[in-house]
Amino acid sequence: MDISLYFDPVSIDSLPIQDAESLTDRLLYNVLMYNPDEPLDIQEADIAIFGVPEVRNTYRNPSCSLAPDEIRGQFYQLYGWRKGVRIIDLGNLRLGNTVEDTYTAVAQVVSHLIENKVIPIILGGGNDIAFANYRAYELMERVANVVSIDSCFDLGNENMPIRSDAYVNKMVLQQPNFLLNYANIGYQSYMNSPESVGMMESLYFETYRVGLMRCNLEEVEPVVRNADMVSLDISAVRRPDAPGCPHNSSNGFYGEEICQIAKYVGLSDKLSSFGIYEYDPTLDYNHQTSQLIAHILWYFVEGFIFRQSDGNFKNKNDYRQFNISVTGALDEMVFFHSKKSGRWWVLVPMYQKDKEQVQYYYLPCSKRDYDLACEDKISDRWWRTYHKINQ
C-alpha cells in the first residue's frame, strides 16, 4: 500500500502546542511523524495513529472534524512510558469524494495495518467511522467481536441511511456477515428505547448499563478482552468530565473510569484496532475533553505495553483448571485461571450440525462467573455466548 495516496501528514508546527521546542523529552519528539519524502517501513511500528475528519454522516456534530489535531496537541505534550513502544502518526486521512469512498479508504488502511501486525488508533470524526473500521475485518474475511463504549446503541433500522447514531444495524445486516458478537458497554436506559433493548437481547448481544459497570469496573475487562475492535463514543463520559461533546449527559463514566477501561482495552491480547469519536473542540472548555482523550490514549498504550499474551493456551501448565458440575449445564463447566495474569476463561461447547465432535470456545470471563458456578448458577455471559454460537 502506498501510504502517501491516503494521508496528509501532520507537521509539529500545525499542532495547537505552545513552546513545542521545549518538549524534547515528551511524546511530541518520541513519536515518528510520517513524512512522504522519507522511506517508511510500517512493520517497524507497534501502533499507528491517524485522524479521520469525516462528518458528512455525523448527527448534529459537524465540528468533530477538528478533533484529531486538537487531541494530538494534548497527547504529544505527555511524557512517555518506562518501556519502549514504537508509535507512528500517519496524519489525517484524505476524505473521499463521497462518504462511502472514505469508508472504503478507512477499511483498506486498517486492514493493511492489522495484516502487518500494527494496531491502528483512529481519531474521528463521527462515530459512523466505527462501521468503516468493522469493514476492514470483512476485507480480511475475519470474523470479529465488536465492542462499543457508548451511551446509546446506535442501532438505526434497515430503511435508515447510515449515520453516526445509526450504524450497528448495518453491521448486523451486512452480507456476507463477519460479525461474531457485538457488545455495548455503558448504555443509559433512558437514552435507549425499550424496543432497542429488546432487539439487543433477542440477538444475544451483550449490553452493560453504565451503573452496573461503575459498581464493578473489573467486569469490563473480560468483555474487552474478547474484542477484536473497540470504538469509544466520548458521549459515554459524563458531561462534567467531557464537555466537548453534544450528545453526552450529566451521567456516564468518570474520567478516571474511562482511563481504566482504556487500559483494559490495551491489555487485550486479541484487540487489533481502537477508535475514539464524537469529540467537538468548539464545545470544549479549557481543553478539558482533549486532555481526557489524551489520557485515554496514554492508558491504552500503557495497557498494550504490558500485554500478558496468555490467551493462546499453548501450555496448559500455565493455567489452573477447575471442573464444576452445575445444574442445567450440558456437561461440567470448565474454567481456566492464568497463573501469569490472574485472568479467567470458561469453555463454551460449540455443536456443529451433522457432526458428533464438539469443539470448545474459550470465553473470557471473570472470577464472578466462577463463583456463580460454585453456587450452582450459570452466568448470563455463558448463556448468551452458548445461544449465540449454537443458534
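# Strand Pairing, Pocket and Cavities

Strand 2 (residues 32-33) pairs with strand 4 in the parallel sense over 2 bridges, where pairing requires that DSSP finds at least two bridges between two strands. The model is predicted, so local features need pLDDT of at least 70 and side-chain atom pairs count only at pLDDT 80 or more, while totals for chains, interfaces and linings use all residues. Residues are numbered from 1 along each chain as its sequence is written, and side-chain values use heavy atoms, with hydrogens and water left out. Helices (H or I, at least four residues) and strands (E, at least two) are DSSP runs numbered from the N terminus.

**Strand 4 and its partners**

- Strand 1 (residues 7-8) joins strand 4 in the antiparallel sense over 2 bridges, and Phe7 has Leu93 as its bridge partner.
- Strand 3 (residues 47-52) runs parallel to strand 4 over 5 bridges, with Gly91 in strand 4 as the bridge partner of Phe50.
- From strand 3 the chain passes through helix 1 (residues 67-75) to strand 4 in a right-handed β-α-β crossover; right-handed means that, with the strands pointing away from the viewer, the path from the first strand over the helix to the second runs clockwise.

- An open sheet of 4 strands has the order 11-12-13-14 with antiparallel pairing.
- Strand 11 (319-324) and strand 14 stand at the edges with a single partner strand each, so one side of each has no neighbour in the sheet.
- Neighbouring strands of this sheet are turned by 30° against each other on average, direction ignored; the axes are lines fitted to C-alpha atoms, for helices over the stretch in contact, and angles run from 0 to 180 degrees between N-to-C directions.
- Strand 13 (residues 344-351) and strand 14 run antiparallel and are joined by 8 bridges, and Pro349 stands opposite Tyr360 in strand 14.

**The largest pocket**

- The largest pocket has a volume of about 490 Å³. On a 1 Å grid over the protein atoms alone, a pocket is an open set of points with protein on both sides within 12 Å along at least five of seven lines, a cavity is a set where a 1.4 Å probe fits but cannot get out, and lining residues have an atom within 4 Å of a point.
- Its lining comprises 22 residues, with Tyr208, Leu212, Arg368, Asp380 and Arg384 nearest the centre of the pocket.
- Elements giving two or more residues to this lining include helix 10 (367-374) and helix 11 (380-389).

**Cavities**

- There are 2 cavities of 30 Å³ or more, where a volume is the space filled by probe spheres set on grid points joined across faces, edges and corners.
- The largest cavity has a volume of about 90 Å³, and helix 11 supplies the largest share of its lining, 4 residues.
- Among the residues lining the largest cavity are Asn181, Glu206, Asn226 and Arg384.
- The second largest cavity has a volume of about 80 Å³; of its 14 lining residues, Asn181, Glu206, Pro222, Val223 and Asn226 are the closest to its centre.
- Strand 6 (144-149), strand 7, helix 7 (220-225) and strand 14 each give two or more residues to the lining of the second largest cavity.
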